[in-house]
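Biologist: I am new to this one. Could you walk me through it, one question at a time?

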Amino acid sequence: MSPPAALDPLDDFELVEGMAETSPMPLYRKGTGPAVLVVSEIPGITPQVADFARRVAAAGFTAAMPVLFGVPGKPMTNRYALSSMRRACVSSEFVCLARGRRSPVTDRLIELAKELHDECGGPGVGVVGMCLTGGFALAMMIDPVVVVPVLSQPSLPLPVGAARRRDLGISDDELQVVKERAAGGCTVLGLRFSEDPVAPAERFARLRDELGDGFVGVEIDSSKGNPHGFAKMAHSVLTLEYRDEPGHPTHDADRKVIEHLRAGLSPREG
(Lines give C-alpha, C1' and ligand atoms only; values in the text may rest on other atoms or scores of the structure.)
Protein backbone atom coordinates (compact mmCIF):
# COMPACT_ATOMS: atom_id res chain seq x y z
CA MET A 1 0.00 0.00 0.00
CA SER A 2 1.30 3.47 -0.89
CA PRO A 3 1.93 5.83 2.04
CA PRO A 4 -0.62 8.61 2.45
CA ALA A 5 0.17 11.79 0.56
CA ALA A 6 1.64 14.57 2.65
CA LEU A 7 -0.14 17.80 3.53
CA ASP A 8 1.26 20.80 1.66
CA PRO A 9 1.93 23.47 4.32
CA LEU A 10 1.69 26.23 1.69
CA ASP A 11 4.32 28.09 3.72
CA ASP A 12 5.80 29.64 0.58
CA PHE A 13 2.48 31.46 0.04
CA GLU A 14 1.21 34.50 1.88
CA LEU A 15 -2.14 33.91 3.58
CA VAL A 16 -4.35 36.99 3.30
CA GLU A 17 -7.41 36.78 5.52
CA GLY A 18 -10.61 38.37 4.35
CA MET A 19 -9.66 39.99 1.06
CA ALA A 20 -12.60 41.39 -0.96
CA GLU A 21 -14.10 44.16 1.09
CA THR A 22 -17.83 43.42 0.92
CA SER A 23 -17.63 39.61 0.68
CA PRO A 24 -14.35 38.60 2.34
CA MET A 25 -12.69 35.31 1.60
CA PRO A 26 -9.25 34.00 2.59
CA LEU A 27 -6.62 33.91 -0.11
CA TYR A 28 -3.21 32.32 -0.63
CA ARG A 29 -0.93 34.36 -2.87
CA LYS A 30 2.57 34.13 -4.28
CA GLY A 31 4.68 36.09 -6.77
CA THR A 32 4.59 39.55 -8.29
CA GLY A 33 3.15 41.01 -11.47
CA PRO A 34 -0.39 41.03 -12.88
CA ALA A 35 -2.83 38.90 -10.89
CA VAL A 36 -4.03 35.45 -11.91
CA LEU A 37 -6.85 33.89 -9.90
CA VAL A 38 -6.32 30.12 -9.61
CA VAL A 39 -9.76 28.85 -8.62
CA SER A 40 -9.35 25.33 -7.29
CA GLU A 41 -11.22 22.24 -8.33
CA ILE A 42 -12.94 19.81 -5.99
CA PRO A 43 -11.89 19.00 -3.29
CA GLY A 44 -9.97 22.26 -2.71
CA ILE A 45 -6.44 23.63 -2.76
CA THR A 46 -4.66 20.29 -3.04
CA PRO A 47 -0.85 20.07 -3.33
CA GLN A 48 -1.28 19.74 -7.11
CA VAL A 49 -3.40 22.91 -7.33
CA ALA A 50 -0.78 24.72 -5.25
CA ASP A 51 1.95 23.44 -7.58
CA PHE A 52 0.10 24.87 -10.57
CA ALA A 53 -0.14 28.22 -8.75
CA ARG A 54 3.60 28.02 -8.13
CA ARG A 55 4.19 27.58 -11.87
CA VAL A 56 2.00 30.62 -12.54
CA ALA A 57 3.98 32.69 -10.01
CA ALA A 58 7.28 31.52 -11.48
CA ALA A 59 6.09 32.74 -14.89
CA GLY A 60 5.93 36.32 -13.62
CA PHE A 61 2.46 36.70 -12.11
CA THR A 62 0.81 37.14 -8.74
CA ALA A 63 -0.87 33.76 -8.31
CA ALA A 64 -3.89 34.05 -6.02
CA MET A 65 -5.82 31.03 -4.71
CA PRO A 66 -9.11 31.90 -2.99
CA VAL A 67 -10.37 29.35 -0.46
CA LEU A 68 -13.84 28.32 -1.61
CA PHE A 69 -14.06 24.83 -0.11
CA GLY A 70 -11.94 22.14 1.48
CA VAL A 71 -8.86 22.31 3.70
CA PRO A 72 -5.96 24.22 2.10
CA GLY A 73 -3.03 21.92 1.36
CA LYS A 74 -4.92 18.70 2.09
CA PRO A 75 -4.17 15.92 -0.44
CA MET A 76 -6.82 14.48 -2.75
CA THR A 77 -8.67 11.33 -1.69
CA ASN A 78 -11.97 9.93 -2.97
CA ARG A 79 -13.65 10.42 0.40
CA TYR A 80 -12.41 14.00 0.68
CA ALA A 81 -13.58 14.77 -2.88
CA LEU A 82 -17.06 13.37 -2.22
CA SER A 83 -17.35 15.33 1.01
CA SER A 84 -16.39 18.61 -0.71
CA MET A 85 -18.72 17.88 -3.61
CA ARG A 86 -21.67 17.24 -1.30
CA ARG A 87 -21.07 20.54 0.48
CA ALA A 88 -20.78 22.46 -2.79
CA CYS A 89 -23.98 20.92 -4.16
CA VAL A 90 -26.06 22.11 -1.19
CA SER A 91 -24.39 25.52 -0.97
CA SER A 92 -26.29 28.53 -2.31
CA GLU A 93 -22.96 29.79 -3.72
CA PHE A 94 -22.82 27.10 -6.43
CA VAL A 95 -25.33 26.28 -9.16
CA CYS A 96 -24.67 22.63 -9.92
CA LEU A 97 -27.69 21.54 -11.98
CA ALA A 98 -29.73 24.54 -13.09
CA ARG A 99 -29.30 25.54 -16.75
CA GLY A 100 -28.57 29.06 -17.94
CA ARG A 101 -27.42 30.36 -14.55
CA ARG A 102 -24.03 31.26 -13.15
CA SER A 103 -22.97 30.49 -9.61
CA PRO A 104 -23.43 33.42 -7.18
CA VAL A 105 -19.88 32.96 -5.88
CA THR A 106 -18.65 34.45 -9.18
CA ASP A 107 -19.82 37.87 -7.96
CA ARG A 108 -17.46 37.58 -4.99
CA LEU A 109 -14.67 36.43 -7.27
CA ILE A 110 -15.19 39.43 -9.58
CA GLU A 111 -14.91 41.74 -6.59
CA LEU A 112 -11.73 39.97 -5.56
CA ALA A 113 -10.35 40.25 -9.10
CA LYS A 114 -10.98 44.01 -9.08
CA GLU A 115 -9.13 44.46 -5.79
CA LEU A 116 -6.21 42.38 -7.00
CA HIS A 117 -6.07 44.38 -10.24
CA ASP A 118 -6.00 47.66 -8.30
CA GLU A 119 -3.10 46.35 -6.24
CA CYS A 120 -1.10 44.39 -8.84
CA GLY A 121 -1.64 46.49 -11.95
CA GLY A 122 -1.43 45.28 -15.53
CA PRO A 123 -4.15 45.36 -18.18
CA GLY A 124 -6.47 43.16 -16.12
CA VAL A 125 -6.70 39.82 -14.35
CA GLY A 126 -6.38 36.24 -15.52
CA VAL A 127 -8.71 33.55 -14.19
CA VAL A 128 -8.04 29.80 -14.33
CA GLY A 129 -11.03 27.72 -13.27
CA MET A 130 -10.92 23.95 -12.84
CA CYS A 131 -13.65 21.29 -12.85
CA LEU A 132 -16.51 22.59 -10.64
CA THR A 133 -15.08 26.10 -11.06
CA GLY A 134 -13.94 25.56 -14.66
CA GLY A 135 -16.70 27.68 -16.16
CA PHE A 136 -16.27 30.50 -13.65
CA ALA A 137 -13.69 32.21 -15.86
CA LEU A 138 -16.35 32.42 -18.60
CA ALA A 139 -18.98 33.75 -16.20
CA MET A 140 -16.55 36.36 -14.85
CA MET A 141 -16.01 37.77 -18.36
CA ILE A 142 -19.12 39.87 -17.81
CA ASP A 143 -16.72 42.25 -16.05
CA PRO A 144 -13.94 43.77 -18.17
CA VAL A 145 -11.39 43.26 -15.37
CA VAL A 146 -11.10 39.63 -16.55
CA VAL A 147 -8.93 39.73 -19.65
CA VAL A 148 -7.52 36.17 -19.77
CA PRO A 149 -10.10 33.42 -19.11
CA VAL A 150 -8.99 29.77 -18.89
CA LEU A 151 -11.55 26.96 -18.57
CA SER A 152 -9.95 23.71 -17.46
CA GLN A 153 -12.40 20.78 -17.64
CA PRO A 154 -15.49 22.99 -17.03
CA SER A 155 -18.07 20.78 -15.34
CA LEU A 156 -21.05 22.96 -14.39
CA PRO A 157 -23.88 22.47 -14.80
CA LEU A 158 -23.25 18.82 -14.07
CA PRO A 159 -23.76 17.11 -17.45
CA VAL A 160 -26.94 15.18 -16.69
CA GLY A 161 -28.89 15.06 -19.95
CA ALA A 162 -28.18 16.45 -23.41
CA ALA A 163 -29.22 20.04 -22.62
CA ARG A 164 -26.89 20.32 -19.64
CA ARG A 165 -23.98 18.87 -21.60
CA ARG A 166 -24.19 21.89 -23.94
CA ASP A 167 -24.99 24.43 -21.25
CA LEU A 168 -22.30 27.02 -20.44
CA GLY A 169 -23.42 27.97 -16.96
CA ILE A 170 -24.43 31.53 -17.86
CA SER A 171 -27.63 33.26 -18.96
CA ASP A 172 -28.40 34.26 -22.55
CA ASP A 173 -27.78 37.93 -21.71
CA GLU A 174 -24.43 37.09 -20.12
CA LEU A 175 -23.51 34.96 -23.11
CA GLN A 176 -24.10 37.95 -25.35
CA VAL A 177 -21.61 39.98 -23.28
CA VAL A 178 -19.10 37.12 -23.47
CA LYS A 179 -19.53 36.91 -27.25
CA GLU A 180 -18.94 40.64 -27.63
CA ARG A 181 -15.81 40.47 -25.51
CA ALA A 182 -14.50 37.45 -27.41
CA ALA A 183 -15.14 39.24 -30.70
CA GLY A 184 -13.18 42.17 -29.29
CA GLY A 185 -10.10 40.05 -28.66
CA CYS A 186 -10.61 38.45 -25.23
CA THR A 187 -9.80 34.87 -26.24
CA VAL A 188 -11.15 31.98 -24.15
CA LEU A 189 -8.85 28.98 -23.68
CA GLY A 190 -10.45 25.63 -22.83
CA LEU A 191 -8.82 22.36 -21.76
CA ARG A 192 -10.25 18.86 -21.43
CA PHE A 193 -9.46 15.19 -21.95
CA SER A 194 -11.14 13.67 -24.99
CA GLU A 195 -13.16 11.06 -23.09
CA ASP A 196 -13.92 13.06 -19.96
CA PRO A 197 -17.67 12.62 -19.28
CA VAL A 198 -17.67 15.34 -16.60
CA ALA A 199 -16.46 18.05 -18.98
CA PRO A 200 -18.34 16.88 -22.07
CA ALA A 201 -17.35 17.40 -25.70
CA GLU A 202 -20.75 18.99 -26.37
CA ARG A 203 -19.83 21.91 -24.09
CA PHE A 204 -16.68 22.63 -26.10
CA ALA A 205 -18.68 22.31 -29.32
CA ARG A 206 -21.12 24.93 -27.99
CA LEU A 207 -18.23 27.24 -27.09
CA ARG A 208 -16.92 26.92 -30.66
CA ASP A 209 -20.39 27.56 -32.08
CA GLU A 210 -20.93 30.67 -29.95
CA LEU A 211 -17.45 32.21 -29.86
CA GLY A 212 -15.90 31.09 -33.15
CA ASP A 213 -12.24 32.09 -33.30
CA GLY A 214 -12.63 33.59 -29.83
CA PHE A 215 -12.44 30.10 -28.36
CA VAL A 216 -9.33 27.92 -28.46
CA GLY A 217 -9.98 24.36 -27.32
CA VAL A 218 -7.24 21.96 -26.27
CA GLU A 219 -8.52 18.37 -26.14
CA ILE A 220 -6.01 15.74 -25.02
CA ASP A 221 -6.25 12.05 -25.89
CA SER A 222 -7.52 10.53 -22.64
CA SER A 223 -5.22 7.52 -23.00
CA LYS A 224 -2.28 9.94 -22.54
CA GLY A 225 -3.59 11.24 -19.24
CA ASN A 226 -4.45 8.99 -16.33
CA PRO A 227 -1.32 7.12 -15.15
CA HIS A 228 -3.43 4.14 -14.11
CA GLY A 229 -4.66 3.43 -17.61
CA PHE A 230 -8.36 4.20 -17.08
CA ALA A 231 -8.75 6.36 -20.18
CA LYS A 232 -12.20 7.73 -19.40
CA MET A 233 -11.14 8.73 -15.90
CA ALA A 234 -8.51 11.25 -17.06
CA HIS A 235 -9.93 14.59 -15.91
CA SER A 236 -7.63 17.11 -14.21
CA VAL A 237 -5.46 18.51 -17.00
CA LEU A 238 -3.37 20.94 -14.93
CA THR A 239 -3.20 19.03 -11.64
CA LEU A 240 -3.72 15.31 -10.99
CA GLU A 241 -2.86 14.20 -14.53
CA TYR A 242 -0.18 16.83 -15.09
CA ARG A 243 3.26 15.42 -16.01
CA ASP A 244 6.30 17.66 -15.78
CA GLU A 245 7.90 16.06 -18.83
CA PRO A 246 8.52 18.13 -21.97
CA GLY A 247 6.55 16.58 -24.81
CA HIS A 248 3.87 15.09 -22.59
CA PRO A 249 0.47 16.48 -23.69
CA THR A 250 -0.43 17.82 -20.23
CA HIS A 251 2.95 19.56 -20.01
CA ASP A 252 2.27 21.12 -23.41
CA ALA A 253 -1.23 22.16 -22.26
CA ASP A 254 0.26 23.74 -19.16
CA ARG A 255 2.68 25.72 -21.36
CA LYS A 256 -0.25 26.88 -23.51
CA VAL A 257 -1.94 28.25 -20.40
CA ILE A 258 1.19 30.16 -19.38
CA GLU A 259 1.60 31.52 -22.93
CA HIS A 260 -2.08 32.54 -22.96
CA LEU A 261 -1.62 34.40 -19.66
CA ARG A 262 1.51 36.13 -20.92
CA ALA A 263 -0.15 37.17 -24.18
CA GLY A 264 -3.10 38.77 -22.40
CA LEU A 265 -1.47 40.18 -19.28
CA SER A 266 1.80 41.62 -20.53
CA PRO A 267 1.62 45.40 -20.19
CA ARG A 268 0.77 46.99 -23.50
CA GLU A 269 2.80 49.93 -24.80
CA GLY A 270 0.81 53.10 -25.05
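Biologist: How many disulfides are there by the distance rule?

Modeller: Keep in mind that this is a predicted model. A disulfide needs two cysteine sulfur atoms within 2.5 Å. Cys89 is in no disulfide, its nearest cysteine sulfur, that of Cys96, being 3.8 Å away. By this rule the count is 0.

Biologist: Let's turn to the rings. How are the planes of Phe94 and Phe136 arranged, stacked or edge-to-face?

Modeller: The search of the whole structure finds 3 aromatic pairs. In the pair of Phe94 and Phe136, the centres are 6.2 Å apart and the planes are 20 degrees apart. Planes under 30 degrees apart count as stacked, so the answer for Phe94 and Phe136 is stacked.

Biologist: Which parts of the chain does that pair link, and how many residues apart are they?

Modeller: Phe94 lies in the loop between helix H2 (78-90) and helix H3 (105-120), while Phe136 is in helix H4. Both Phe94 and Phe136 are buried. The pair links distant parts of the chain, and the separation is 42 residues.

Biologist: Which parts does the pair of Phe204 and Phe215 tie together?

Modeller: Phe204 and Phe215 form an edge-to-face pair, 5.3 Å centre to centre with 85 degrees between the planes. The two are 11 residues apart in sequence, and the parts tied together are helix H7 and strand E8 (residues 215-220).

Biologist: Which residue has its charged end over the ring of Phe204?

Modeller: Phe204 itself counts as buried, because its relative accessibility is 1%. A charged end sits over its ring, 5.9 Å from the centre, and that end belongs to Arg192.

Biologist: Now helix H6. What distance separates its end C-alpha atoms?

Modeller: Helix H6 covers residues 172-183, which is 12 residues. At 1.5 Å a residue, the helix should span 16 Å. The distance in the model agrees with that, at 16 Å.

Biologist: How wide an arc do the buried residues of H6 cover?

Modeller: The buried residues of H6 are Glu174, Leu175, Val178, Arg181 and Ala182. They lie on the same side of H6, because the arc they cover around the axis is only 120 degrees.

Biologist: What do those buried residues pack against, and which exposed residues face away?

Modeller: The buried residues of H6 pack against helix H4 (136-139), strand E6 (146-152) and helix H7 (201-211). The face turned away from the buried side carries exposed residues, namely Asp172, Asp173, Glu180 and Ala183.

Biologist: Last one: which residues is Val127 in contact with, beyond its neighbours in sequence?

Modeller: Val127 is found in strand E5 (residues 125-130). It is buried, with a relative accessible area of 0%. Leaving aside neighbours within four places in sequence, the contacts of Val127 are Leu37, Val39, Ala137, Met140, Val146, Val148, Pro149 and Val150.

Definitions and conventions:
Residues are numbered from 1 along each chain as its sequence is written. This is a predicted model: local features need pLDDT of at least 70, side-chain atom pairs count only at pLDDT 80 or more; totals for chains, interfaces and linings use all residues. Side-chain values use heavy atoms; hydrogens and water are left out. Helices (H or I, at least four residues) and strands (E, at least two) are DSSP runs, numbered from the N terminus. The expected span of a helix is 1.5 Å times one less than its number of residues. Buried means under 20% relative accessible area, exposed over 50%, partly exposed in between (1.4 Å probe, protein chains only). The arc is that of the directions from the helix axis to the C-beta atoms. Contact means heavy atoms within 4.5 Å. Rings of Phe, Tyr and Trp (its six-membered ring) pair if their centres lie within 6.5 Å; planes under 30 degrees apart count as stacked, over 60 as edge-to-face and the rest as tilted. A charge sits over a ring if NZ of Lys or CZ of Arg is within 6 Å of the ring centre and within 35 degrees of the ring normal.
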